[in-house]
Amino acid sequence: MTDAAPNLSSSAPRARRPRPKVVTLTDSAADRVKAIMGRAEKPYAGLRVGVKNGGCAGQEYVMEYAETAAPLDEVVEDRGVTILIDPKAILFLIGTEIDYETSRLSAKFTFNNPNQTDACGCGESVTLLPAVLEA
């Protein structure tokens, strides 16, 4: 009987656990994005979501058509919508749910973001802290 060491190089690679999505969409938001993208002048690769500096609270959410995915974009598929996220915005958006709300006087996309610590009075800008990732 021999006690040979197992050959680790020939074993199958260990499966990685799935990563959570950086952002998710509610049904309402997904339906609205699909309707908007369906009426676009040309086909797009998806919806680009990000964060930029600006506004009285310091940062603003950005949504726009994405013609192509950049090499380092985080690509999220949710409810039939492709969302492209700039790598610089990922830590600010982790855990965010995008919703589409309608009221008697307005209709808008809203961001339910656990990393948001403040917002200006007009609702156009926010203060975001990078997410703290667990080890």
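**Salt bridges in the predicted model**

The structure contains 5 salt bridges, a salt bridge being a side-chain nitrogen of Lys or Arg within 4 Å of a carboxyl oxygen of Asp or Glu. Side chains of opposite charge can pair when their charged atoms come close. The model is predicted, so that local features need pLDDT of at least 70 and side-chain atom pairs count only at pLDDT 80 or more, whereas totals for chains, interfaces and linings use all residues. Residues are numbered from 1 along each chain as its sequence is written, and side-chain values use heavy atoms, with hydrogens and water left out.

One of the salt bridges joins the side chains of Asp78 and Lys21, at 3.1 Å from N to O. Asp78 belongs to strand 4 (residues 74-78) and Lys21 to the segment before strand 1 (23-25), so the pair ties together parts that are 57 residues apart in sequence. Helices (H or I, at least four residues) and strands (E, at least two) are DSSP runs, numbered from the N terminus. Asp78 is buried, with a relative accessibility of 8%, while Lys21 is partly exposed at 41%. Buried means under 20% relative accessible area, exposed over 50%, and partly exposed in between (1.4 Å probe, protein chains only).

A salt bridge is also formed by the side chains of Glu67 and Lys42, at 3.2 Å from N to O. This pair links distant parts of the chain, 25 residues apart: Glu67 lies in the loop between strand 3 (59-66) and strand 4, and Lys42 in the loop between helix 1 (27-38) and strand 2 (46-53). Glu67 is exposed, at 53% relative accessible area, whereas Lys42 is partly exposed, at 37%.

The side chains of Lys52 and Glu60 likewise meet in a salt bridge, at 3.7 Å from N to O. Lys52 is partly exposed, with 44% relative accessible area.
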